[in-house]
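The sequence and structure are shown below.

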Amino acid sequence: MGQIKWLDTSVGNVVATYDIRQVPTSMTQNPQNAIIHVGQTNGVCSLWSPNKGKPVASLLVHNGKVNDITIDRSGNYMATAGLDKIRIWDLRMYKRVCEHYYSVPITTMCISDSGILATGFKNVVELWKGYNTQMKKPYMIHKEQHDSHLTKVAFCPYEDILGIGHSFGFSSIIVPGSGEINFDSNVATPYQTVRQRREATVVELLDKIPSELISLDTSNIIGLMDEKEANQKKEADEKNRFEAANPGKAYQPHRNSKRGTPSKFASTKQHMTVNKKRLEHEPERIQLEKELKQKKKKKKKKKKKKKKPAPKNNPQPTRPL
Amino acid sequence: VSTQSTGGVTRNNSALYKNIKSMKVKVLNRDDSLFTRSRSTDIQKRFKNIQPELHPFEKAREYKRALNSAKLEKVFAKPYIGDLSGHYDGVYCMARHHTNLTWLLSGSCSGEIRMWDSSTRKCVADWDSHNGFVRGITYSWSGDRVYSCGSDKLIHLWDLPSSVTGIIRSDTVKTKLQPKTTWMTNNALQAIDHQRKSSLFVTVSANVVNVWDPERSEAVQTLTWGDDTLNTIRFNPIDTHIIAGTSEDRGITLYDIRGNTPIKKLIMEMRSNSLSWNPMEAFNFTFGNEDHNAYTFDMRNLDTAKLVHTDHVSAILAIDYSPTGQEFVTGSYDKTMRIFKSDQSRSRDLYHTKRMQRIFCVLYSGDSNYIFTGSDDTNIRIWKTNASRNLCNNHPRQIEKTNYETALLDRYKDFPEIKSIKRRYVPHKIKKINATKTIIKQSQRRKKDNLRRHRRAGTVPIEKEKEKHIVKTVT
């Protein structure tokens with residue numbers, strides 16, 4: 001049993017805590033939609049959002065445990081390392097793109113800004129260019145000290161440098177062509193001054209999006225709807241419907257026992273509309289429901305009546321052949 | 001943009017690379033001087049990469065920024081700047097100089113005219129001019145003379161006091177000015193206005209419109225239509241031969257100087273109190289009516305209003321267009337002042353103070369950044385046109401940011417959260433009166449609808465709001 005926990009670093013509160021049924025062995029975040037990918041011992045990579053108690057999606061990636069997961073900067077490709085293979089997945093279609101075989105299980109992986117995949121096992125780092133396609137040779141191989149074990153590899157964001165953490169310490173190597181050449185100063189600057197850093201923290205806080213927006217598809221969702229207003233509208237609509245169908249009767253609001261999660265609205269100006277066709281057939285449907293209820297009541301009464309005369313061993317009517 | 005350059009890399013430590021002593025490697029290398037500023041007085045350089053991969057959650061962040069800017073707009077909304085006080089009685093009329101941004105003239109109900117320097121907020125000159133109300137006041141187009149008319153049937157022409165023209169600024173100089181020229185009329189004068197780019201000025205007394213030339217002792221032209229007194233008069237700033245005036249018979253009359261005739265008359269349901277021409281669109285004018293509305297008309301077609309601006313809760317007493325022609329401000333009897341956009345029927349903003357009483361005159365400053373209101377409580381108040389905008393010399397990057405924020409607010413203005421933030425606090429009395437007004441309107445509409453439903457089709461026509469308040473147009 002594992003647990004996944006989200007902490008708000010600006011405020012300091014725990015946003016959500018959920019139980020993971022399997023033991024998690026690796027974790028990474030998708031930079032495009034902020035979903036956490038957790039690799040588990042049963043070979044499943046589950047995708048978690050702080051808004052849902054269950055994984056939003058899960059992929060069976062390997063036969064054994066998932067040693068490491070890494071995701072491309074664009075959020076399109078995910079590389080997972082199992083006991084004997086690396087597999088590369090297309091995250092939009094949830095399909096496998098390709099796989100590479102290794103004789104030794106891969107311990108760490110990282111994908112650079114420009115799409116170079118670094119894989120680490122024992123004391124060797126292999127760098128692959130164009131990991132999406134089936135490649136024969138790696139772009140580069142780097143070997144550390146003979147008896148060292150690699151624990152983590154990571155690319156420096158806007159430089160051609162790969163950092164390697166191993167049992168004897170830290171070392172960095174130059175990987176030509178792995179860094180992003182043009183940085184955007186609003187996002188991140190290698191030449192950030194103290195003042196800029198201070199400004200950036202304030203701007204980050206101001207632009208902070210509520211965690212309720214974290215979901216698989218971020219293309220059109222931009223904000224939260226006011227729950228109260230939406231509920232009031234809903235109730236008003238239902239009241240109108242009821243009064244239209246049953247003139248003269250008093251409307252009693254239906255109260256849900258469950259609390260609703262905050263709902264999201266799309267960036268297009270579509271408001272929640274009442275299905276007009278549904279409204280048209282509303283009185284008929286209410287009638288049908290009534291009739292069904294009455295039938296049920298009658299059935300219940302019949303059943304009760306039937307129970308009494310049963311032990312008299314009356315012959316039951318048979319079906320004609 | 002950084003370049004990839006060659007650099008030498010040596011790997012001598014590993015036994016595997018014994019034979020290779022040096023290797024040429026092309027590595028990402030940034031020239032620091034291109035990315036950092038050369039002097040501490042320079043601004044920091046900015047770099048952009050528009051790839052969407054680097055900007056996740058773009059739309060959500062944009063919406064959040066729109067929310068923030070809506071909230072900050074409310075936080076920074078401090079429109080009241082200061083006041084020009086000194087008059088002994090209510091300020092009845094104001095005029096601004098067409099070249100000097102800071103000079104402002106005001107005439108009060110005690111017959112006193114004051115000239116103000118709005119940047120220092122001090123009275124530069126003040127003199128007694130009339131034996132009654134100062135009904136109208138204006139600068140000449142040459143800028144060195146002042147015309148004033150009052151309820152004592154006199155029109156005075158004053159030279160600007162030497163304390164002003166001599167660039168010697170002193171605190172309230174009570175000068176004893178003598179008018180350079182005086183004209184007498186038969187009846188009390190109601191308003192005065194000066195033609196642009198010439199020396200002609202026009203006054204209004206009883207039912208007569210007089211066009212004067214300062215060189216002549218008699219009116220150059222006299223125009224009359226009907227027997228009712230006229231209240232205001234305004235020269236069209238672009239078609240300078242056209243004058244518009246409002247009269248007691250609930251009408252607005254257009255006169256032409258070249259033809260020496262009145263052209264058209266538009267009669268409304270209630271009397272109009274004030275009129276202003278759009279300085280950018282020569283043919284549009286807006287007037288404020290007693291029925292709490294302001295109407296924009298195209299002078300070429302007086303059959304329908306272009307727009308009906310409703311929001312005030314009492315009669316509109318004063319109206320003035322911004323020099324940009326995009327907005328106008330109205331001051332009303334309900335002690336508030338509203339800013340409307342020329343193409344919208346609802347007000348953009350509302351300014352009020354507990355101390356500000358009935359507003360008699362409003363004026364935009366020459367750079368359209370400030371609004372002056374002269375009211376019954378003897379004060380002229382200075383307000384900002386945009387309540388939350390910083391008016392000092394902004395850095396181009398700051399200007400870019402404010403433009404971005406206004407564009408954001410414009411894009412997201414219909415979203416419920418932002419709408420609720422932008423909802424403006426309205427003083428309690430006005431809110432109540434508005435509530436009763438809406439009830440009245442709704443009941444009237446309901447009754448009309450019922451009539452229409454129970455009569456033969458076509459007997460009760462649907463009235464357009466823009467035509468409803470017009471009684472007739474007369475040529």
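## Salt bridges

B:Arg114 and B:Asp126 join their side chains in a salt bridge, with N and O 3.9 Å apart; the term denotes a side-chain nitrogen of Lys or Arg within 4 Å of a carboxyl oxygen of Asp or Glu. B:Arg114 belongs to strand 6 (residues 112–117) of chain B and B:Asp126 to strand 7 (residues 122–128) of chain B, so the pair ties together parts twelve residues apart in sequence. Strands (E, at least two residues) and helices (H or I, at least four) are DSSP runs, numbered from the N terminus. Both B:Arg114 and B:Asp126 are buried, where buried means under 20% relative accessible area, exposed over 50%, and partly exposed in between (1.4 Å probe, protein chains only).

This is a predicted model, in which local features need pLDDT of at least 70, side-chain atom pairs count only at pLDDT 80 or more, and totals for chains, interfaces and linings use all residues. Residues are numbered from 1 along each chain as its sequence is written, chains are lettered from A and ligands numbered from 1 in the order in which they are written, and side-chain values use heavy atoms, without hydrogens and water.

The whole structure holds 26 salt bridges over all chains, including the following.

| Pair | N to O distance |
|---|---|
| A:Arg96 and A:Glu99 | 3.6 Å |
| B:Arg46 and B:Glu400 | 3.5 Å |

A:Arg96 is partly exposed at 43% relative accessible area, whereas A:Glu99 is buried at 15%. B:Arg46 is partly exposed at 45% relative accessibility, and B:Glu400 is partly exposed at 45%.
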